[in-house]
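Visitor: I am new to this structure and would like to learn how to read it step by step. Could you show it to me before we begin?

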Amino acid sequence: MERDIEQLNSALSAIKVLRSNVRNVFDSVSNGLRADHGDEGKESKFVHELQELLTTVNNNLRDVENAVSNLTPPPGAFSLGNTTYLSQETTQERQALYGQLVNSYKWTDKIREYSAVAGNILAANSFNKTYKTFSTTKRRKTQTSNHNVPPEVIENLITSIDRLFPDVTFTTNRPLVPNPVIQVSLGRVLKAIIAFKGLMIEWVAVKAHAESNDLWAESRYKVFRKVTENCHAAMCHFHSPMMPELAVRSFMHWFHSYNTLFSAPCKRCGNHLHTTLPPTWRDLRTLEPYHEECK
Amino acid sequence: MGVTILTQFNTENRSGPQNIEILSKRILALGATQQGQFLVDCETYTSVPQLGHQRTVHVLHNSEQPATVFSLLETGAKTIPLATDGLFDLLMMKMSHFYTSKKQTKSESKGPRYEIGDFCVKLGTVTVSSNFKGVLVEVEYRPCVVPAMCWDLLKEFLQGFLGLSGPTTPPTYLQNRMQENYSPIDTIHQYLEHFTMFRKSPGIGMRP
């Protein structure tokens, strides 16, 4: 393999030299007689020069033939898989895709190579000394995949949170079996549609009770659109892949503080309204209400 | 449908159009946009003496619920609300032998309708049998359905835009229903309350 590539490279460079020398010949022919050929016997000088150039080209051609004869022809056609279809692409801007594809293939190939090396080095210097103090049961708990958990675990989590807050009602449905979408009704104030990805919160949409349960449609009310925005911020803030249950619990605890959305004045300015919105932000630690502009 | 507060705006010796203009300017300065007009009307029918104990039926229409006819039957002891579709008007016409309408009491409130954030503000000129009676301001906070939760918020909004003449206590009709879910019929009750007050006090009537 290594030798093949070496030969291929030498063949390619031989072709390069040949091409450059052929170009010289044509240069010289197109220029014809020049001043540096002098006056006497300029024709014979020119012919002589041309002969020399053609001899080099001849030599180069022989080199190329030698290099090519050394190459081993590939066994049969290359299988390019689905990438062959790229050649049938008609739109102009996509025709460059093949080059990009090759680049990214090289890139991933390198990553694999490097990560294999890194994996070897890391395996030699074991970092997992600290985990060895845990008992096996505990370790298994931390190692569970958060994306792919059995439905019962999520079910248990939701019911345990349901028990925590008496004024919050939960309704669950499962459009995709491991990932439930729950509807959380916060008293008579608002409802939230929360989509889970395993044990992690994936998406939150806050709406009025009268509105549809569609996960993707925004609320028609400004205040709930703002609360949705803040819920997304909190969802990211509480997100913790190592302790997903805690993250969900803290999020729900924070979310529960919205039961005073309309009745609590802002902690900073003491007013209910600011730009016709009630305090839509709840402090992440103290759960105190603030306006967007006052926090 | 959110919580709605209906309040009378003190006329202070200004005419109806002047009051409406002042309030429009204020609400537009707060960043509101006008969204059409509104109309709430009320017609009162009384039962003929042959039916025995006299009963009154108030039939109201609200442009916010254009396909619904609201009626409130006063039997003396209690008031029975009813929300029906448009055919109820025709039914009342059929019953004109038993329930006669008092033409002098036909009242309505109409004017521009504004939206500002989640609030909906309506500035109504009230006329009773086409005599100008006063100005009614309706403010609706649409995301909330429980009056007790958003009363303070609505009070702040009303005072921010009506000044000192804004209400300090919830409307009498709502005072016993602060914890209940608000519905369109509650707005109708408030309108009837105010229309009845306007009818009883001919003194404040001024030319528009």
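Predicted model: local features only at pLDDT ≥ 70, side-chain atom pairs only at ≥ 80, totals over all residues.

Visitor: Which elements make up the secondary structure of chain A?

Guide: Helices (H or I, at least four residues) and strands (E, at least two) are DSSP runs, numbered from the N terminus. Chain A has seven helices and six strands, and from the N terminus their order is α-α-α-α-α-β-β-β-β-α-α-β-β. The radius of gyration of chain A (taken over C-alpha atoms) is 36 Å, well over the 19 Å from the globule rule (2.2 Å times the number of residues to the power 0.38) for 295 residues, so chain A is more spread out than a compact globule. Its C-alpha trace spans about 110 × 55 × 35 Å along the principal axes.

Visitor: How many of the residues of chain A count as buried?

Guide: Buried means under 20% relative accessible area, with a 1.4 Å probe and protein chains only; in chain A this holds for 31% of the 295 residues.

Visitor: In which sense do β4 and β5 of chain B pair?

Guide: Two strands pair if DSSP finds at least two bridges between them. Strand β4(B), residues 68-74, and strand β5(B), residues 79-85, are antiparallel over seven bridges, and B:L72 has B:P81 as its bridge partner. The two strands form a hairpin with four residues between them, where B:G76 in the turn has a positive phi of about 100 degrees.

Key: Residues numbered from 1 in each chain as written. Chains lettered and ligands numbered in written order. Heavy atoms only, no water. Buried < 20%, exposed > 50% of the residue type's maximum accessible area, 1.4 Å probe, protein only.
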